[in-house]
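Reader: Hello! I would like to talk through the pockets of this protein with you. Could you take a look?

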Amino acid sequence: MTFSGFTAKDFEVFEVPGLEPRMEVLVQQLRPKLEAIGEELAPFLTELCGEPMHVHVAKHARRKVNPPIDTWVAWAASKRGYKALPHFEVGMFASHIFVIFAVIYESPNKITFAQALEANLSDVRSNIPGHFYWSMDHMNPEGTEQQQMDTKEFQTIINKLQQVKKAEIMCGLRIDRNDPLASDGAALLQTVRSTFEYLLPLYRMAFPKE
């Protein structure tokens with residue numbers, strides 16, 4: 001299918017009560033759109049990153065009781081999975097779309113990223129747009145815009161990534177569900193592309209230098 005954007009009905013999926021009913025609607029309504037985004041952007045990310053980037057659509061297979069509060073498509077340099085690797089994601093909560101770079105708690109690369117972030121913090125703060133947000137909890141729809149963060153807050157992130165086993169980090173763009181961009185498929189995809197270009201240096205920082 002051709003991705004045509006997200007509608008109000010798409011965001012309302014997260015209001016469906018119960019795990020099985022919500023998953024049924026999510027699979028029917030949202031997953032095809034996420035798959036379309038994944039396939040559309042995989043060639044772009046492959047060229048951007050200089051290696052094959054594979055599509056992984058969230059399955060929410062671990063959930064047994066609580067319905068998902070978000071869903072996403074991820075791209076990573078492995079066909080087998082993405083959670084252990086630095087990766088890119090496009091997804092949505094009930095309130096907004098997110099376009100992010102992520103190193104989640106299952107990835108050993110977070111220490112490498114923390115060290116690189118500390119060494120290159122000035123460049124990161126100069127090159128990442130101020131309205132991009134940072135978060136250390138992928139289950140929390142909130143985050144902090146970079147322009148609201150000081151050096152101390154970045155140092156807290158760096159320390160947690162190195163010292164806390166379950167620590168994780170995400171950075172990127174949030175697009176409100178009511179923003180006209182959310183429902184304009186072509187424009188949204190172009191915004192995703194430009195966002196990933198900004199986030200590419202963070203992705204590269206998450207790997208040891210050869």
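This is a predicted model: local features need pLDDT of at least 70, side-chain atom pairs count only at pLDDT 80 or more; totals for chains, interfaces and linings use all residues.

Reader: How much space lies in the largest pocket, and which residues are closest to its centre?

Author: The space in the largest pocket comes to about 530 Å³. Its lining is made up of 31 residues. Closest to the centre among these are H60, W72, Y82, K83 and H138.

Reader: Thanks! Which strand gives the largest share of the lining of the largest pocket?

Author: Several strands take part: β1 (54-57), β2 (70-76), β3 (87-93), β4 (96-103) and β5 (133-135) each supply at least two residues. The largest share is three residues, and it comes from β4.

Reader: How many residues of that lining of the largest pocket are charged?

Author: Sorting the lining by class gives 14 nonpolar and seven polar residues. The charged residues in the lining of the largest pocket number 10.

Reader: Now the second largest pocket: which element gives the most to its lining?

Author: This pocket holds about 340 Å³ of space and is lined by 15 residues. Nearest its centre lie R204, M205, F207, P208 and K209. Both α3 (109-119) and α6 (185-205) supply at least two residues of the lining. With four residues, the element that gives the most is α6.

Reader: And how many residues in the lining of the second largest pocket are nonpolar?

Author: By class, this lining has four polar and four charged residues. The nonpolar residues in the lining of the second largest pocket number seven.

Definitions and conventions
Residues are numbered from 1 along each chain as its sequence is written. Side-chain values use heavy atoms; hydrogens and water are left out. On a 1 Å grid over the protein atoms alone, a cavity is a set of points where a 1.4 Å probe fits but cannot get out, and a pocket is an open set with protein on both sides within 12 Å along at least five of seven lines; lining residues have an atom within 4 Å of a point. Grid points are joined across faces, edges and corners, and a volume is the space filled by probe spheres set on the points. Ala, Val, Leu, Ile, Met, Phe, Trp, Tyr, Cys and Pro count as nonpolar, Asp, Glu, Lys and Arg as charged, and the others, Gly among them, as polar.
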